[in-house]
Amino acid sequence: MKAATTTVIEVSDLQVAYTEDAPPVLDGVTLAIDAGDVACIVGGSGCGKSTLLKTVIGLVPPRTGRVQLLGQPLHELEEEARDALLQRVGVMFQYGAMLGSLTVGENISLPLQMHSTLSAELIEDVVATWLERVGLAGTADKMPSELSGGMRKRAALARAMVLEPEILFCDEPGAGLDPNTAAGIDRLLLSLNHTQGTTVVVITHELLSIERLDGRLVMLENGRVTYDGTATDARHSSRDDLALFFHPQ
């Protein structure tokens with residue numbers, strides 16, 4: 001008998017706008033992502049995919065609708081409960097968002113210093129372990145400016161995972177990287193999904209990345225979900241919008 005799946009992200013009839021009188025950026029978005037999924041959120045520029053990410057991690061409040069994150073109503077929680085919930089979520093931002101005045105090791109250790117009671121020695125060990133896992137062993141004392149773009153993305157991934165979150169959100173992880181480096185980031189994401197069971201949600205427009213991750217695909221257009229299914233089915237669909245996305249030529 002197949003084990004029941006657990007929904008870890010549930011978005012219901014979500015409408016989001018940045019000002020009271022502005023037209024909605026998201027308009028009636030409904031979707032559910034299960035534990036252990038690898039999901040890509042795709043769509044053209046301005047379709048609302050980054051706004052969806054910001055709303056699901058609590059940075060933008062919804063105008064109407066609801067976000068259930070790990071079974072809890074994110075935007076209805078008091079600040080302390082919301083902070084505790086978001087510690088179970090990791091975010092890898094598009095450009096890494098590393099603090100330039102701190103070393104790589106100090107950047108990665110920040111979540112542990114803020115949200116754990118580990119000793120300095122144990123924190124150092126955890127940071128070293130994650131740097132090794134992302135292929136950056138020996139870089140703890142380097143400054144972010146000394147790293148290449150791909151290395152900064154790997155360091156940002158280590159920081160996002162250092163608290164071992166149940167869900168990892170990645171905003172354009174392959175943006176600005178050469179094909180080999182982008183493929184390496186995708187392999188790391190799949191490894192985290194396979195070895196730790198981390199639910200991975202990726203905002204992307206990179207076709208090669210979508211094919212490598214080969215999981216769930218959610219397409220947005222004009223603030224609405226226009227496709228929700230497997231990437232394989234979408235790639236072979238005869239629908240005009242999907243065919244144009246996967247075969248723009």
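Guide: Leu70 is buried in this predicted model, because its relative accessible area of 13% falls under the 20% cut-off. Leu70 lies in the loop that links strand S4 (64-69) to strand S5 (72-73). Its phi is near 50 degrees, a positive value in a residue that is not glycine. Most residues other than glycine have a negative phi.

Glu164 also has a positive phi without being glycine, near 55 degrees. Is Glu164 buried or exposed? With 51% relative accessibility, Glu164 counts as exposed. Glu164 is placed in the loop between H5 and S7.

H5 takes in residues 149-161, 13 residues in total. From its first C-alpha to its last, H5 reaches 19 Å, close to the 18 Å expected at 1.5 Å a residue. Buried residues of H5 include Gly150, Lys153, Ala155, Ala156 and Leu157, and Ala158, Arg159, Ala160 and Met161 are buried as well. Which elements cover the buried residues of H5? Among them are strands S6 (89-92) and S7 (167-171), together with helices H3 (104-115), H4 (120-133) and H6 (179-196).

Arg133 falls within the range of H4. The charged end of Arg133 sits over the ring of Trp130, 4.5 Å from the centre of that ring.

Strand S3 is the next element to consider. S3 runs parallel to strand S8 (residues 199-203), to which 4 bridges join it, and Ala39 stands opposite Val201 in S8. S3 also pairs with strand S9 (residues 216-221), again in the parallel sense and over 4 bridges. In that pairing, Val42 stands opposite Met219 in S9.

How many aromatic pairs does a search of the whole structure find? The search finds 1. The pair is formed by Phe245 and Phe246, with ring centres 5.2 Å apart and planes at 85 degrees, so it is edge-to-face. Phe245 counts as buried at 18% relative accessibility, and Phe246 counts as buried at 7%.

Definitions and conventions:
Residues are numbered from 1 along each chain as its sequence is written. This is a predicted model: local features need pLDDT of at least 70, side-chain atom pairs count only at pLDDT 80 or more; totals for chains, interfaces and linings use all residues. Side-chain values use heavy atoms; hydrogens and water are left out. Rings of Phe, Tyr and Trp (its six-membered ring) pair if their centres lie within 6.5 Å; planes under 30 degrees apart count as stacked, over 60 as edge-to-face and the rest as tilted. Buried means under 20% relative accessible area, exposed over 50%, partly exposed in between (1.4 Å probe, protein chains only). A charge sits over a ring if NZ of Lys or CZ of Arg is within 6 Å of the ring centre and within 35 degrees of the ring normal. Helices (H or I, at least four residues) and strands (E, at least two) are DSSP runs, numbered from the N terminus. The expected span of a helix is 1.5 Å times one less than its number of residues. Contact means heavy atoms within 4.5 Å. Two strands pair if DSSP finds at least two bridges between them.
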